[in-house]
Amino acid sequence: MHGAHTTYQNLLALRAGPYRRLPGWRDLAALALVVGVVILIAGGVRQTIEPVAHAQAAPISLSPEALPLYTLRTVLRMLAALAASLLFTLTYATLAAKSRRAERVLIPLLDVLQSVPVLGYVSFTAVFFVSLFPGNTLGAELAAIFAIFTSQAWNMAFSFYQSLRMVPGDLDEACRSVRSSPWQRFWRLEVPFAMPGLVWNSMMSMSGGWFFVVAAEAISVGDVQIALPGVGSYVARAIEERNLACVGWAIVAMSVAIVLYDQLLFRPLVAWSEKFRFEQTAAQVAPRSWVLNLFQQAAVFQSINRVAAAALQRVGDARLAPQARRPLVRHPPSPRLLDAVWMLAVAAAIGFVGWASLRYARDTLSWSDVSQAAGSGLLTLLRVLVLVALASVIWVPIGVMVGLRPRLTAAVQPIAQFLAAFPANLLFPLAVFAIVTFHLAPAVWLSPLMILGTQWYILFNVIAGASAFPSDLREAAATFRLRSLHWWGQVILPGIFPYFITGAITASGGAWNASVVSEVVNWGSTTLNGGGLGAYITQMTRAGDYPRIALGVAVMAVYVVAMNRLLWRPLYAVAERRTRLE
Amino acid sequence: MPPEPTPILDLHQVSLVYAKPSGEPLPVLANIDLSLRSGEILGLLGRSGAGKSTLLRIAAGLIKPTAGDVLYRGLPLHGPAAGIAVVFQTFALYPWLTVQRNVELGLDALDLPPAERGRRALSAIDLIGLDGFQSAYPRELSGGMRQRVGFARAIVSDPVLLLMDEPFSALDVLTAETLRTDLLDLWVERRLPTEAVLLVTHNIEEAVLMCDRVLVLGSHPGHIAAEIRIALAHPRNRLAANFRALVAEIYATLTSRMSESLAAVSAAPAEETHGLPRATINRLNGFVEALATAAYQGQCELPEIARALALKIDELLPLVAALQLLGFAELKGTQVRLTAAGRVFAGSTTEERKRLFREHLLRFVPLAAHVVQVLEERPDHRAPRERFELELQDHLHREDAQRTLSTLIDWGRYAEILAYDARKRAFSPFT
């Protein structure tokens, strides 16, 4: 983007000359890191391109020695999906923010896409991608990557779009008054301004992504069987073989992968993106990253950084456009007629899709199917509500206690974030094993699995809220010696409410998604069915009954959208209004 | 007589009209004629809402006027042009760029080779007194240093016309003065490539200190109300008699306009043409108390009390207008004087003050009486805020209507004549 690393240290190094400083341990460590990552990626990619015959000839091995390589494959899928999501974000959101006509279509579309349960339509996309590349595992790889992509791209695009819409007025005017070209403006103003939000959102989406990569590696749709080498397939195989030890190995491997991802990729990114924060005051606790420090301080990398920064700066400085001449009014009033034509075209497209799907549904589905799916949805809805309430009762008090103690927060917050990222579906076999062994009722005891992975969002959001609670308000409450009940009801709960709502929204959205894999589970040949919409979708997927998969997914999307509109949005509005001073 | 050289900037009959929510036109600026000649610093002075910053943005090509011509060196202006640079009140620095990179932004449009960019940026940094800070990020700098970056970015492209939008008003008094003097020195010594400067300000002394000519803008819609030449030689002395006389003259222009508009309010009470001023109960109480002290004995010159209470013109004039409207003070030229009622108010207890304020509010502010009456007439004794908002917007800008209502709520609560529920956005009678 620009002279990112022209820090004071850099200037010193420049004056002394790079050769004056002997390469230190930092250089070695950083070099080892880079070389290692390059080798790993190369190895992983080479395997991916192998023909499908070979891939099938080597079925998933349960030997723990095979696990590191499987984990690497899983991690690479995550990386590929992240890159795709980033590309999507920069184009889709930019288009939506720049064109009023595109905005009218793209943003509602994004809103709906966000609410569709990813795991519901993995089956469609898998079949689609596999048919694109017959005789090669590339299709299956793309399907898995696409599943992860859909779990993060919408979120990231929304964040970027909102940042673009919130570019501060004075920076916008400064940019226009020096007559920057749109290209210069994009890299100089818009992308940097959006950076902290984008990085944070990518990190959060990424933690959701682990869940989906595990679920998407081993898919069986009707008679199409896909088992990509990866941690997800390893676990699927272990479940088939009823091998609890291997499940344990997979959990260990995944934990290591998540920690490494966090330390090597996202910590450095978050620490780096701090410089793009718009608030002119320095943050109280600036995020730090040892990897970032390493790269910024090692002499070898300083010179590489300098070259890279200069190159990026050239790219950003390039005008790539004739000089903008007319005043850039944000949304110039466009001709009514064109608007009408555009909306007509959109309406026609929507109408056609609606008509086509209705016709398709009429031929294959009956009203009893619809009522069955809707009824299952009610059961899942009940589960989601009860579980979010239960998780709140447990984690809100704990989160407040932790958040008000800075040292405890520093220790607990990374753990909570790790747990939120950890794919809970790896833990399902343990729970299922217990249910089978103790003969528990699946309809009740399978339910907690839905929230196993997403309850942590409530915890770490509440921790964040409690630690951001103004200390003067706390001290004021302390001087009045409020009774404990009052303190909770009048002081702290209203104070953390917006944070709690944010966490609860994420938790409930995640629970809907998880229902697809948690309401029906296997242990060897034993199948436990808890009922519900997730179970409905899973069963239809196994049977390869596409119309009913589609019906299930659509019904779930309707439930999710309704819940967002009728419950979460109003609550969020209340939270925002009540905690504002102005 | 030699022909007059082409002005740097020429505005002919420039008007700007926004659309109200109802679709009706809302004039913001009306028939502005303005000419800025080479070698001149022109000040635009006016109260907030008079459209001075909007006018500057029209001159910068950032906003297109609804009607009229904008000529830059004799040619029509279409959008931001080479040779025009803007300095912003809020500095508008990019927090993620170093000082040098921020300054280089000013050269974006010129497509220079990197070495040349760097050289010119450093020479601007040097000129503006930022040498040594080029690798710092804006957040590491104090307000004064940040605005120096803003100046450096503006002059780095050697602009012919420099537009400054209240460049010193976000700075503390001392820093602002240093920056003004530094800038004036550069200007007077002809070390800037710039030929003309347009300075928007609401600080009267600043205008007299820096400008060769001051245009006073009147509001609703913004128009040029007066033109005052300032033929003092630099460096100017704030304490000199002729300096003080010019300050007083501008004060008188502004306050006479205020008296006129207040007279208009009283003459047409149903219309409430200018709404209520932004004057909180706390400020009103404090100002009356200050006026009643032994130091002033109930009367004082505006420039003097503005200075003593450290009030900006945008804070002082609304206070005076409010007190005049309520019958607690009156304005004679540039002198403000407590009325008999004002003196009683100053000497009263809180309860008596509230009672007196209630009487005056209901008697002199028709809007207050109107709201109370509507609440009485309604069967459920409640009225949504929108009801009055829409009524006010028949005559007022949206922001003015909002401001009028928040002032009314503040005064009404104090006078105990009404209650307001911000969550439901509804008025109800005081209980």
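**View 1. Salt bridges between chain A and chain B.** In this predicted model, two salt bridges are counted between chain A and chain B. In one salt bridge, the side chain of R57(B) meets that of E173(A), with an N to O distance of 2.5 Å. Polar contacts also span the interface of chain A and chain B, where eight residue pairs are found, both residues of each pair being at pLDDT 80 or more.

**View 2. The side of chain A that touches chain B.** At least two residues of this side are supplied by each of helix 8 (169-177), helix 9 (182-217), helix 13 (299-317) and helix 24 (546-578) of chain A. Helix 8 of chain A gives the largest share, seven residues. Sorted by class, the side of chain A that touches chain B holds 16 charged, 12 nonpolar and nine polar residues.

**View 3. Extent of the contact between the two chains.** Chain A contributes 37 residues to the contact and chain B contributes 35 residues. About 3,300 Å² is buried between chain A and chain B, and carbon and sulfur atoms give 52% of that area.

**View 4. Surroundings of N522(A).** N522(A) belongs to strand 3 of chain A, which covers residues 520-523. Because its relative accessibility is 26%, N522(A) counts as partly exposed. Leaving aside residues up to four places away in sequence, N522(A) touches I239(A), V432(A), T527(A) and R542(A). With T527(A), the side chain of N522(A) forms a side-chain polar contact of 3.1 Å. W342(A) lies 180 residues from N522(A) along the chain, and their C-alpha atoms are separated by 50 Å.

Methods:
Residues are numbered from 1 along each chain as its sequence is written. Chains are lettered from A and ligands numbered from 1 in the order in which they are written. This is a predicted model: local features need pLDDT of at least 70, side-chain atom pairs count only at pLDDT 80 or more; totals for chains, interfaces and linings use all residues. Side-chain values use heavy atoms; hydrogens and water are left out. Contact means heavy atoms within 4.5 Å. Buried area is the accessible area (1.4 Å probe) that two parts lose on being put together, summed over both. A salt bridge is a side-chain nitrogen of Lys or Arg within 4 Å of a carboxyl oxygen of Asp or Glu. A polar contact is a pair of N or O atoms within 3.5 Å; within protein, one must be able to donate a hydrogen and the other to accept it, and residues adjacent in sequence count only if both atoms are side-chain atoms. Helices (H or I, at least four residues) and strands (E, at least two) are DSSP runs, numbered from the N terminus. Ala, Val, Leu, Ile, Met, Phe, Trp, Tyr, Cys and Pro count as nonpolar, Asp, Glu, Lys and Arg as charged, and the others, Gly among them, as polar. Buried means under 20% relative accessible area, exposed over 50%, partly exposed in between (1.4 Å probe, protein chains only).
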